[in-house]
Amino acid sequence: SLFDYNTGIMVPGALYDPEDENSGNYFQHGREWERLCNVEFYEPEDNSGINQLCGLRTHGNRTRKSSAKGMKFYAREEYGKKRFKHHFFNTTSIKSFKHLVLKPYSILWPYVGVQDYVASRMALNMGLEAPNSRPVVVYLNGEYWGIYFLQEKLDDHYLEDHFGLEPEQCNIVSGNGINGFTKEWNLEVESGEDVGFRQMLDGLEEADLSDDANYASLSCLVDVDNFIDYQILEIFIANKDWPAKNFRCWQTKDSQWRFAFFDGDATMLDSVYDVLGNATYVGNNLWHTGGQSTLLFRRLMENDDFKQRFKRRVDELCAMVLQYDSINACL
């Protein structure tokens with residue numbers, strides 16, 4: 001079968017079609033396409049690291065067309081070890097990981113290399129949930145394969161590692177663009193369920209958040225301070241592949257929704273890009289943004305208190321965390 005990215009379903013067909021650039025086994029998803037491999041990691045200073053069997057899958061979306069593909073590694077008890085135990089990242093004290101990702105240095109976005117790495121470091125420096133990462137040199141079957149970025153996988157195990165949450169406690173919802181046929185926002189459940197998030201979006205369609213009572217009610221559902229920081233970062237780095245895509249939010253059951261940053265490959269590419277217009281776009285003709293994906297931000301901007309909080313936070317962050325020397329210091 002082939003995966004149709006417009007409809008989000010598997011369709012009958014050969015695994016590889018020379019007439020279809022989106023075919024091939026590297027476009028397949030799920031546990032059934034996981035393969036056993038041996039992964040070794042060595043620190044350059046002292047040769048400490050890991051050497052263990054684990055599961056391997058292809059990672060990414062459009063990058064699957066590239067020869068330098070992204071890879072996901074899964075530690076499982078059936079392979080010998082349930083965790084990758086090593087202090088991979090100097091930006092966190094965590095030394096045990098269930099899943100890891102390797103992202104190639106250069107992908108399909110023009111001139112992309114360090115953008116995702118830099119943007120993720122900025123997000124972490126702001127206190128946002130984002131994957132810790134580091135550059136590494138990769139060898140496949142002994143052959144030099146270039147520079148990649150090793151990073152955490154932003155999933156339920158990330159929340160387990162960073163917040164001590166059991167996976168069954170968490171709801172994680174992600175956005176995967178605008179459906180080419182229905183023009184609806186493709187929302188996917190990464191963990192748990194998305195009923196609460198969809199209900200919130202439905203309510204926002206008619207909500208008047210200029211009314212302080214309605215604004216207070218929404219503030220019980222959304223971590224507003226977290227959302228402000230998340231929006232400011234995405235706007236500051238001019239993400240051209242957002243907000244309908246590369247969107248992820250999470251909550252523990254019945255708590256506020258928080259917004260996590262990941263995949264900054266399409267950031268910091270265009271100095272004149274109208275990113276605020278993108279973040280408030282109300283149409284449905286762009287694959288990376290649409291009225292549903294910008295609805296929360298647009299509705300919140302109707303409230304005077306939110307607008308003032310947003311403006312003050314922009315000034316604070318641009319004077320501190322997003323100031324040039326601060327960004328340079330966190331890399």
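Reader: Which residue in β14 is the bridge partner of Trp 250?

Author: This is a predicted model. In it, β13 covers residues 245–252, and β13 pairs with β14 in the antiparallel sense over 2 bridges. The bridge partner of Trp 250 in β14 is Arg 258.

Reader: In the hairpin of β13 and β14, which residue takes a positive phi?

Author: The hairpin of β13 and β14 has 5 residues between the strands. Within this hairpin, the residue that takes a positive phi, near 70°, is Asp 254.

Reader: What is the order of the strands in the open sheet of 4 strands?

Author: β11 and β12 pair over 5 bridges, with Ser 174 opposite Glu 188 in β12. β11 and β13 pair over 7 bridges, and there Asn 171 has Gln 251 in β13 as its bridge partner. The edge strands, each pairing on one side only, are β12 and β14. The pairing is antiparallel, and the order is β12-β11-β13-β14.

Reader: At about what angle to β12 does helix α3 run?

Author: Helix α3 comprises residues 195–204 and lies across β11, β12 and β13. Of the residues of β13, 7 of 8 are buried. Relative to β12, helix α3 runs at about 150°.

Reader: Does Tyr 144 count as buried, partly exposed or exposed?

Author: Tyr 144 is in strand β10 and belongs to a nonpolar surface patch that also includes Tyr 105 and Val 137. Its relative accessibility is 47%. Because the range for this class lies between 20% and 50%, Tyr 144 counts as partly exposed.

Key. Residues numbered from 1 in each chain as written. Predicted model: local features only at pLDDT ≥ 70, side-chain atom pairs only at ≥ 80, totals over all residues. Heavy atoms only, no water. Pairing = 2+ DSSP bridges. Contact = heavy atoms within 4.5 Å. Axes fitted to C-alpha atoms, helices over the stretch in contact; angles between N-to-C directions. Patch = residues over 30% accessible without salt bridge, like charges linked within 9 Å, V, L, I, M, F, W, Y side chains within 5 Å. Areas by Shrake-Rupley, 256 points an atom, 1.4 Å probe, with all protein chains shown as cover. Salt bridge = Lys/Arg side-chain N within 4 Å of Asp/Glu carboxyl O. Buried < 20%, exposed > 50% of the residue type's maximum accessible area, 1.4 Å probe, protein only.
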